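Please read them with the structure open.

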Amino acid sequence: MAGPLLLAIDQGTSSTKALVVDASGAVVARAQASVSLATPEPGWVEQDAEDIWGSVRRAVSEALDAQTAKRIVSVGLSTQRESCVIWDRRSGEALTPVLSWQDQRTEPICASLRKNGHEATVRRKSGLPLDPMFSAAKARWLLDKLPHGQARAKAGEVCIGTIDAFLLSRFGGEAIVEAGNASRTQLFDVVQAAWDEELLAIFDIPLAALPRIVASIGPFPRARGLAPLPDGVPVGAVLADSHSALFAHGVFAPGPVKATQGTGSSLMGLVERGSVRDGNAGAPGVCLTLAWQLDSPTLAYEGNIRSAGSTLVWAAELLGITTNELADLALSAPDARGVVLVPAFGGLAAPWWDANAVATATGFSFGVTRAPFARAALDSIAHQIADVVDAFRASGAPVARLLVDGGPTRNDQLMQFEADMVGVPVERTSVAELSAMGVAQLAGLSAGLFTLESLGQMDRGGERFTPGAASAAIRAKERRAWGEALARARGEAIGSRDLPI
């Protein structure tokens, strides 16, 4: 007899993926639908909410047939995080574009709040630095541009939310948002796990305009409008995409740190809730976020890196080659010959959070060829990850292993260099599409197909890269050169502060 199946929907920045997973955790079908991005002005990145909804419907339609659709017992939804949109509560119509997490137009709002002395309060309560990446400043900008925006928001006629909340609104019922996604808005007290009145006042966002916060296992409205999936199938789980990848790695206790490496990179590791009293816990530059909420909220440290895989794409295009050819070039270079690339194309995120940093390439001489430049592009990913790992350690968080996933992690040279730079084993999973897989597993947990114990024991395969015998000496040399290049990118005098080593 055919067994139960799970449907995982992973709504990302450039596409929506749909995975069909069986009770053993194996993928039995998959599909993908693209999503467009618009950049109407420099630094602006927008999406169309209806295009996002349409991509969800297309991906589900292509992943399911009439027979498998009948076997779906639970749906999981993983979404991009800080992107923000406003919609009409009654009609469900999107009233604004989606401001992508990549959008930088709200830097003047953040700068004004810093000038007015709000930065410490925002950091202490939300666990996040004042930065255009997060949703609150985007919500403020959208409300200011929406006709009668504040009046409608105060009256509760419109809803401001992240992508998970918008998609759930298409299923009907009360407007709700999953707790982990809510923690990325900067309107959420990360320790109390609730909307915060002081943060709402700072950003001038009415509480009446926000969705109600629910746990990562709901209760959620039942799915509808996703043919051929029958209307009424339970939505068993919702997670933010990076959080879902952490769940898929089987990280249910502090120690391992996962590093998803895609366009950018997200490092995340769990932290004991009892050790955290406010969002300022840890070293400067390390975010505190809510990973998920089952019986109780689970907290995590996180560091976001803006440019990882995108650096490789840029470098390849600059050299007029493909990214595969760039990797081959880098492989021919035993090291970068003193060349250091700091890819601060849109400033630097964790742990520096420096919007004014500029991209730099230093250490060139007449003897430098394309190969060391390619190697420097690759090495820049490892150095940024090591910066965040160093900040984790400074916060007191354990870093026992680095669990990696994403396109750039297929490069063995990069993985070995990461192991040398962070000083702990790097474990590369063989499980693909982790953001979708994590929420599929949580949906299966919600449906009774899995337990946390069985998920923790699941074989994730993969390979292990350990620090080399000379890695301590290599790390000291490489990190010193990186620190000096970083100081230049940030407009600092060399030796003006302690540099990362």
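1. Terms first: axes are lines fitted to C-alpha atoms, for helices over the stretch in contact, and angles run from 0 to 180 degrees between N-to-C directions. Helices (H or I, at least four residues) and strands (E, at least two) are DSSP runs, numbered from the N terminus. This is a predicted model, in which local features need pLDDT of at least 70 and side-chain atom pairs count only at pLDDT 80 or more, while totals for chains, interfaces and linings use all residues. Residues are numbered from 1 along each chain as its sequence is written, and side-chain values use heavy atoms, with hydrogens and water left out.

2. Helix 12 (residues 323-331) and helix 13 have axes that come within 7 Å and cross at roughly 105°. The two are therefore roughly perpendicular to each other (65 to 115 degrees; under 35 counts as roughly parallel, over 145 as roughly antiparallel and the rest as oblique). Contact here means heavy atoms within 4.5 Å. On the helix 12 side Leu 326, Leu 329 and Ala 330 take part, meeting Arg 370, Ala 371, Ala 374, Arg 375 and Leu 378 of helix 13. The contact has six nonpolar, no polar and two charged residues. In this scheme Ala, Val, Leu, Ile, Met, Phe, Trp, Tyr, Cys and Pro are nonpolar, Asp, Glu, Lys and Arg are charged, and the others, Gly among them, are polar.

3. Helix 13 (residues 370-394) also packs against helix 11 (residues 309-319), with axes within 8 Å that cross at roughly 165°. This pair is therefore roughly antiparallel.

4. How many cavities of 30 Å³ or more does a search of the whole structure find? There are two. A cavity is a set of points on a 1 Å grid over the protein atoms alone where a 1.4 Å probe fits but cannot get out, and lining residues have an atom within 4 Å of a point. Grid points are joined across faces, edges and corners, and a volume is the space filled by probe spheres set on the points.

5. The largest cavity has a volume of about 80 Å³. Among its lining residues are Cys 84, Ser 135, Trp 195 and Pro 211, and the lining divides into eight nonpolar, four polar and no charged residues. The second largest cavity holds about 70 Å³.

6. The largest pocket has a volume of about 1200 Å³; a pocket is an open set with protein on both sides within 12 Å along at least five of seven lines. It is lined by 38 residues, and Thr 260, Gln 261, Gly 262, Thr 263 and Ser 435 are the closest to its centre. Helix 10 gives the most to this lining, with three residues. The lining has eight nonpolar, 21 polar and nine charged residues.

7. Some backbone details are worth checking. The Gly 218 to Pro 219 peptide bond is cis, with omega near 15°, and Ala 227 and Pro 228 are likewise joined by a cis bond, with omega about 10°. Pro 219 is in the loop between strand 12 (212-214) and strand 13 (235-240). Gln 186 is not a glycine, yet has a positive phi of about 75°.
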